[in-house]
Structures are given as structure tokens and as C-alpha cells.
Amino acid sequence: MKSRFASLDSSQGPGKPFLLWKELTSKVLLWTAGGTLFLSLVISLAELFSMLWKFLARNASFIDILKWIGFGIPKHIVDAAPVAFLFAIVFILSERHANNELEAVFSAGISLQRFVLPLLLVSVLLCATEYFVTDQIAIPFLRERSTLQSGILRESDSRYAVPALMADKGKKVYTYRYYDEKKGRIYDISVIERDDSGALLRKISAKYASFENELWVFSDAIIYKKSRDVWEFAEAPRFSDPAFDEPPASFMRPTMDVRFMNNAELNGHIAFLKSAGLPAEDAEVEQQRRISFAFTPLVVVGLAAAFAGRFRKSIFLLSLLSSLSSATLYYVAQMLASLAAKARMSSAGLAIWSVMLLFAAASTVSYFKART
């Protein structure tokens, strides 16, 4: 066994065991894919069982239930992938340790750190993929799922817009019939502009307004303006003013679940909440948590490497138990940090990233101190 691995390594040149790297990476990716699908299925079934009685009470069709399940799968995959990646690395390395294959790798002059080096590159790709899939696929699907669930259960959809909005600390008041999120238009809109003392300066009414080039453009607008104690009005087919640059995300319901916002909308929502003097802790926590969670696969590699070769009896059981414990501890720590930030005990960035940096430091130390 040792001679086989030694010849494998020497045939690839010094420091470049490509065949071993290829074999390890392919197995880890295969087990990660299988574990992700399995965990996603478990999560989907758990969610379905919790909602099934409500769907049946509303006589939901089988097709609608299948759509509801399908819309949640991308998010479940994103959540399950880091855990599956951790289990895959621990399982493969523990298997090789139990079969004495790691000893053969070490005898060939390949340290554990060098052996798992390609997994670091894979984890970087997983980090970027998780962030992109969450923002561009999982969140839009969650929106569709929320709308479908509201339709099935005949509940109000929290994503509907409110008919009024105060901005710029009350200096601008928007009233409208509804906001079309897909077209980016506000229909039957009126805007009142006031000075610092609250006195009326100007009023703009229009059939609708579109957000173009970072400004609201009013169509078929009527502008009322006070000049020398006399009110004047003018009509314009298209009217815009740099003063009216409120981001479209501001016209969504302030109580909207931040899980349904992509990153651009979340940034605009946070800016709106701060400008309106409303609490923004929930949105900031979601923003920081979403970014930090994308780095989880990178942290996983160091933690998984630490369990390889640490146990001489019940290798599989103890290794998987340790990896599960570390994953549970990480998610619990993230949850506690989120609660602390929402309770204003700490800033969102400090609370979320302190947990991430703590586990990243533990992962780095574990990686370099792993038995080899």
C-alpha cells in the first residue's frame, strides 16, 4: 500500500500528487452532492409535514403543493451544502484513516495539509456559488413560494406595498394606490414636499412614476408650487427632480420579511429604515448573516481536517459525532449572535463576524495542527 502511494506521488513530480488530489476531490464532491440532496429532502419533508394539514384544510391541489416544495429546494440546498461538505470530508478522511491509507499518504512524504489542499480551492468555489445562488435563485424562489402559500391559505401577502411613505425625516410624503415591483412603477402617486418647519412647499401628482437613472420620473404630472404666497400649477408629460430619488425598496412594506429581499433590495431597505428613523437591526443582521454564511465552506475544511486521525477506536462514529457537534455549535453561536444584535446588545457586524472570525481562527489552527 505504501509503495503504491509513493510511486503514485513520485510519478507526478515533487510536491504535485495530482492523482491523489483528483481522487480525493472527486470522492468528496460525490459525497457532498449526495449528502446535500439527502439533507435537502429531509428539510423539505419536515416543512411539508408541518404545513400539510393547512394545505389540506384549504383543498390545495397536488400541483400547487409540488410547486411549493420545489420553490423551497434552492434554499434548502444552500443551507445543507456546508454541512454535507463537512460530513463528506470527515467521512472520506476517516475511512482512509481506518484503512491505514492516510499512513501510506504520510509515508509518501505528503502531509495532511498538502493532501487536503485542493479542498480549500473547492471551498472557495463553494463560497462564491452559495452567495450567488442565494441572491439570484433561492431568494426569488422564496418570494414565489410566499405568494403561492398566501394564495393557497388565503392569507395576506406581506410583500404588498403600503399606500403611503414618509421619507427624508418627514420632509417628503408619498401617497399612492399601489407599487408594481416587477415593472418598478408607482401608480396614482402624489408627493408632498415640506420644509424643516413642516410648511408645504410643493405637491406633485401623476398617473404613475417610473424609477429611471436613480430618479423617479412622473408621467402626466401636475406640479403645484407656492410662489410669493400664491399657488401656481403646471402640467408636464414627464417630470423629474433630483429631490425625488427614494430607492424602490422603500415602497415595500417596512415589516416585509427580509429573507425575501436580494442583496440590492436589502441595502436599499436598510437605507430607507435608517432615513425614516425606523429600527434596522433585523435587516442588518440578515445582511451580515447572509454574507458570513457564504464563507462557511471555507471554515469547514480546517475543522474537518482536525478530526482526521484523532480517534483510534470507533473512528467513523466519533469523527461524525465531532463534526456534527462542531456544526451545531457554529449554528447555535450564529443564532445567539443574531439575537444579541437584534436586541441591540451589539452591532450586527460585530456580533455576526465575531462568531465567524472565532470559528475561522479555530479552523485555521486545527488545519495546521492536524495530525500528520
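Which residues form one aromatic cluster with Phe-293? In this predicted model, in which local features need pLDDT of at least 70, side-chain atom pairs count only at pLDDT 80 or more, and totals for chains, interfaces and linings use all residues, the cluster is formed by Phe-293, Tyr-330, Tyr-331 and Phe-359. Residues are numbered from 1 along each chain as its sequence is written, and side-chain values use heavy atoms, with hydrogens and water left out.

Rings of Phe, Tyr and Trp (its six-membered ring) were paired if their centres lie within 6.5 Å, with planes under 30 degrees apart counted as stacked, over 60 as edge-to-face and the rest as tilted; by this rule the count comes to 13 aromatic pairs. Tyr-187 and Tyr-208 form a tilted pair, at 5.9 Å centre to centre and 45° between the planes. Since Tyr-187 lies in strand β4 (residues 185-194) and Tyr-208 in strand β5 (residues 200-212), this pair ties together parts that are 21 residues apart in sequence; helices (H or I, at least four residues) and strands (E, at least two) are DSSP runs, numbered from the N terminus. Tyr-187 counts as buried at 13% relative accessibility, whereas Tyr-208, at 23%, counts as partly exposed (buried means under 20% relative accessible area, exposed over 50%, partly exposed in between, with a 1.4 Å probe and protein chains only).

A tilted pair is also formed by Phe-293 and Tyr-331, at 6.2 Å centre to centre and 40° between the planes. Phe-293 lies in helix α8 (residues 281-293) and Tyr-331 in helix α10 (residues 315-342), so the pair ties together parts that are 38 residues apart in sequence. Phe-293 is buried at 11% relative accessibility, and Tyr-331 is partly exposed at 29%.

On a 1 Å grid over the protein atoms alone, a cavity is a set of points where a 1.4 Å probe fits but cannot get out, and lining residues have an atom within 4 Å of a point. Grid points are joined across faces, edges and corners, and a volume is the space filled by probe spheres set on the points. The largest cavity has a volume of about 110 Å³, and its lining includes Tyr-330, Tyr-331 and Phe-359, which also belong to the aromatic cluster. The second largest cavity, of about 60 Å³, is lined by residues including Phe-293, Arg-289 and Arg-290, and α3, α6 (117-153) and α8 each supply at least two residues of this lining.

Terms used:
1 Å grid on protein atoms, 1.4 Å probe; cavity = no way out; pocket = protein on both sides within 12 Å on 5 of 7 lines; lining within 4 Å.
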